[in-house]
Amino acid sequence: MASRQPVTEERVRVRPMMALFGLFLTMSAALVLGVGMAEAYRTYPLIQLDRLNAQGAVVARSLQPYIHAGVPLDQVSGFEPLTRPLMSSSRDLKSVEVFDASEKAVLATRKRNPIEARREDGAWVHRSDELGDTFDAVYEVSLPLSSRFETVGQLKLVMSQAFVRQKIAGTFLRVAEASGGLLVFCLGAVALALRLRPKKSRWILSLGFSLGVMAVSGVLITEMVQLYSQGIVAKTAALAASLGQRLQAPMDLGLELTDFDGLDTTFRGYRELNPEISGISLVRGETVLIHTNAAKVGTVAEHDDAAFEQSWDLENPWQDGSEALTLTIAVPKRMVYASLWGACKNLLALFIALILVSRLLLGLLMVSTAGAQEGQPTTAAEIQKIQVVHTVTVLMEGLCLPVMATWLAEVLGRQGMGPGAVSWIFTAFFAGYAFILIPAGHIARRWGAKTTLLIGVGCAVVGWVGLSLASDYYSLMLLRALAGAGQGLSLIGVQTALLNLSDPEQKTKNLSLMVLGYQTGMISGTVFGSLLALYVSVEMVFDVAALLGLLNLWLGKRSLRVTSSSSQSADPVSADPAPTDSVVGGQPARRKASWQDMLKDRGLISTALLIGIPTKAVISGLVFFGLPLTLSRLEFSADEIGQILMLYSVGVLLSNLSAGRVVTILGGTRRALLVGMGLAACSLLVLAAGSSGSTVAGSPPMLRALLWVCGAWGLGVGHGWIHAPALSHVAGSPSAHRLGVAEVSSVFRFLERVGSMAGPILAGLWVGLGGMLFGVSALLVLMLAAIFAVLSRAQVGAVEAGP
Amino acid sequence: MNSSRLPKLIVGLFLLSTAAFVGTTYQAQDGPWVRQLEESRKDWLLVRRGVPGVREVLPLAESTRSDASEPERILILFPKASPAYDTALARILRSFGARKRWSTFVLVYYRNADGRMHRYLRKAERGEFALIFAMGSTAARDLHDHYRTGRVPVVTVCAKDPVLLGLVDDYEGGSKTHIAYTSLNVPVAGQLSYLRRLRPDLRQIAIVYSKRNSSAVRSQVEPLRKVAEAAGIAVLDVAVQDPSAARSELELKVATATGVMGSKDPEGDQSVFWITGSTAVFAHMDVVLQKAEGFPVLAVTPSLVNGGPSSALLSIGVSFESNAELASVYALKILTGRARAGDLDVGLVMPPDIAIDMSKAKALGLAVPFSLFEAASVIYDYDGRLVRQNGRALPVKPPSE
């Protein structure tokens, strides 16, 4: 939880605060619009292509009689009159062409494109270009033309991308205009609220930010509904035309449709080919003659409000006064929402990430613009800046997590290596992280917290830059080890700085900021990275991470001025990522720790071997390595993988906040650890169910999604109830009393890193098992928890330390 | 007469009569055993080269190949003269012409002249021909027996089902020789499935055929009987024993079959008459239709659906044109190196050629399956007018009053 800085005598400067807040809100709104627009560019063209496909089927069917009769394609007459109505009604259609088997164009109807060009004298003129101008990219749908014996050619329909872009751009222009108005209103309201209630500024800014982003999202979703609806209506009309053409054929020969049977079978077959159709009906007058829902046959035709309906009137060439026949195709309106679901998920994930980031930045904003009070604002500002630098450093890593495992598998797969090789690269990261912790304390003492932090960030940047350039196995391993070392150094630098800046009574709270910063960076990083990966290459994502790192490095160098708190001695801090002595009553180290003494401590060893190491192994091996690979094989997209990882991190974050309360309620850290392990095991079983073939095949997508969501969330919650309680548990062990909490905690943390390193290796051995990997892991976790339960029950005293 | 001149006279007469005999024989063998149909005359020319029993078909258009090499030569073996073969030849020529493949075709007629067939097969082995068409079931059998191990690829055309004829084991997988087979028949399982589309609850089929048409019995009647009975469908024989008395036999036997089927199927929606490819039956379709009394009469041969009073309701079969088109496709695949003859599955025309007479359907009160309508190449309307041919709609006049 972010610390609240005292503002009793601070003058909140509204104008600079509002300026920065407005900038941040606008950037966030722009990001939301950007995600929405990118999603529209991803989905809307597909709807248009489906429409084009249906229209193409109409043209292809018209050519079929010629093909059936063996008429060479270049001798087909009447192609232009056949295609002219289609070209006239579809503004975005540029050409309809037929190619023979040797890919030579034999028939074509093309639209002249008026393009404005500027003459040398500055006047605008119209210039017509044939198809093939270089200004306009196109979409192309190709349908095979086949006789009974062979494919005789291709029918190609070409659609201008410019019209699709115009349509989307027009929509988003309206969204941008509406959003601009909303943002102005929001800023005005926030400014007014700040003047009226300056003491509630943080709360006002947070609420204003949340509401502003939600309002923009609401406008965006509304317009996207309209856009997609129009697309689906056009597609439905094309489907109706396609089927209508088939029904018109006997009528054109003077035959009655009622002299044929099996039309219901034809309708059902058409629906199977186009599963988005909810119903097809043939109506004469008011009466339903044929319907895909047999119960409606013979009833009066009714309009379905829950569907987009498009009708096609069948023409009676003899116009003999018989009632008209109308074919109606219905596509449910929920198809629009299904198309939008991807966008909504991404926007929700983005919203969560933005809220987390906003808390950080708003905190920085608050302390930066508050009137200086001697000492405190400066320290608070430094702490906030350190938090920002730390969060961004972690965010860099989070950016690439959704795609790292899959990308490595592809790169190494091209070199003939399997998933096992990928796991070693993941291990290299954690090895770099673990081993740098040993000299990191010394580095921090010698060169100071800021330098240590910046060296760490620099190493991470080099790691990312190198990843986008290297592809051989050993280089990749080295670069990841470097990135891991960078993260470790950064962590130590941040920890040292926070400890240097904190008063003794603030240490714990400030150290807990590290957890918050880590989770914020990880959550927002995975969200941003997964969204970015949809639209750019993976190497570009690495470059963005590197760029972010460079910016972070520059900002850190310029803005950080890490000084010690005046109330504290300038003792250097050891390479100890754990809470210091003051956390547990200020017991300093009594003597140098000896490994032999620690190895004799059953409590410490059992906690490390049965809880700490397995938990870290599950995190590194399953969450960050096995899960993305498995999800990728189950054809989850990058954004979905990022969202599931985000859920895990959110689970950790929220349960971490409640860990203290849980320990109190359960009566001790031992029970909290057992509950955490149990929950983690159950969640792994749920994940196993979600990825097993028998569950996946035939179960509705919602069920599968639910399994993954619950599994990831539950695992995060379970781990959140393990992290801090495990440290507290060992801090209360007999070794800690004898040898010092700092030493024991640091050894424990180091042992945990063994799990981090081993996790990917073990997962890499079993990743081919798919869902079984999670199932086997669940059983192992349960087994280890059971052993821990037995062993820890026999231990006396210290393991029941409270928070 | 001087006695010394008599021997010379006798010898002279002998030589003259021999020459006349030989000349007559040659003339008989070199008679019009093949006709070039009108549709191919725009692009091809049928010529005699002075060799008995041999014709050449030359392209009138220039070859589109960029090199100046001679057009490839293709051998077509005719075991007999037949209008069906003329139709097939015309379609082959049209198919090659449409794809701008201006080959030279050498047509060899070898009825009662097996030596000629072997001679040209030897020429083929020497590289004079790029491909051989075997025209008809007899030629297919002859090449299977005498040329199965040859080098030059062979494609059969206008030949009956090679699996039923014992020339190849299965429809799929190819012959594994250098012969690619096509079939003039629809596989009976496929035929039955089409019959079941028309009559989903089909329980009885009355097969009408001539006992003396062994080819039809072997390739159509017996296979259909076997498949139908395996599917629990009763098969009634309406067999003409004596073609010269076909009319009277059909009057009696069709009526008997109608009675039998009617007793088990009073509604008439579980039974059909099935006319096989027997000339003795074709000529008396009016009798069959009259005595069938409300049961639908279906046929193998497309020509039996003609919109007239003696028209069948529906035919499901393979036309000579369709089979020849398929054989051309196979030949072109082989000539262009896209396939090997022995790897090609038995060429089946699927979907088969379907012809429907809607006037008969209307008269029987029978609703035609829409899927059959969409697949049909030929359709006659309620007045028996042709409204769709070769899959293309023809201009339609308003219905008559």
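Which strand of chain A is joined to β14(B), and how many bridges join them? Select strand β7 (residues 260–261) of chain A: 2 bridges join it to β14(B), and the two run parallel. Strands here are DSSP runs of E with at least two residues, helices are runs of H or I with at least four, and both are numbered from the N terminus. Two strands pair if DSSP finds at least two bridges between them. Now click A:F260, which stands opposite B:V368 in β14(B).

Before moving on, a word on what you're looking at: this is a predicted model, where local features need pLDDT of at least 70 and side-chain atom pairs count only at pLDDT 80 or more, while totals for chains, interfaces and linings use all residues. Residues are numbered from 1 along each chain as its sequence is written, and chains are lettered from A and ligands numbered from 1 in the order in which they are written.

**Stop 1: where the chains meet**

Show both chains together. In total, 29 residues of chain B are in contact with 22 residues of chain A (in contact means that the C-beta atoms, placed from the backbone, lie within 7 Å). On chain B, the elements that each supply at least two residues to this side include α10 (320–335), α11 (358–364) and β16 (386–389). The largest share, 4 residues, comes from α12(B). Color the chain B side by class and you get 19 nonpolar, 4 polar and 6 charged residues. Here Ala, Val, Leu, Ile, Met, Phe, Trp, Tyr, Cys and Pro count as nonpolar, Asp, Glu, Lys and Arg as charged, and the others, Gly among them, as polar.

**Stop 2: a sheet in chain A**

Chain A has 21 helices and 11 strands. Look for the open sheet of 4 strands with the order β2-β1-β6-β5, paired antiparallel. Its edge strands, β2 (105–110) and β5 (138–146), each pair on one side only. From one strand to the next, the twist averages 15°.

Next, select β1 (residues 93–100) and β6 (residues 151–160) of chain A, which pair over 7 bridges. A:L93 has A:M159 as its bridge partner in β6(A). (Axes are lines fitted to C-alpha atoms, for helices over the stretch in contact, and angles run from 0 to 180 degrees between N-to-C directions.)

**Stop 3: a glycine in a loop**

Find A:G418, in the loop between α7 and α8 (419–447) of chain A. Is this glycine buried or partly exposed? A:G418 counts as partly exposed because it has 13 C-beta neighbours inside 10 Å. The cut-offs are 20 or more other C-beta atoms within 10 Å for buried, 12 or fewer for exposed, and in between for partly exposed, with C-beta atoms placed from the backbone.

**Stop 4: the domains of chain B**

Bring chain B back. Color domain 1 (38–185 + 322–337) and domain 2 (188–317 + 352–393) of chain B separately; domain bounds come from an automatic or database domain assignment. Their C-alpha centres lie 33 Å apart. The contact takes 5 residues from domain 1 of chain B and 5 residues from domain 2 of chain B.

Technical notes: Contact = placed C-beta atoms within 7 Å.
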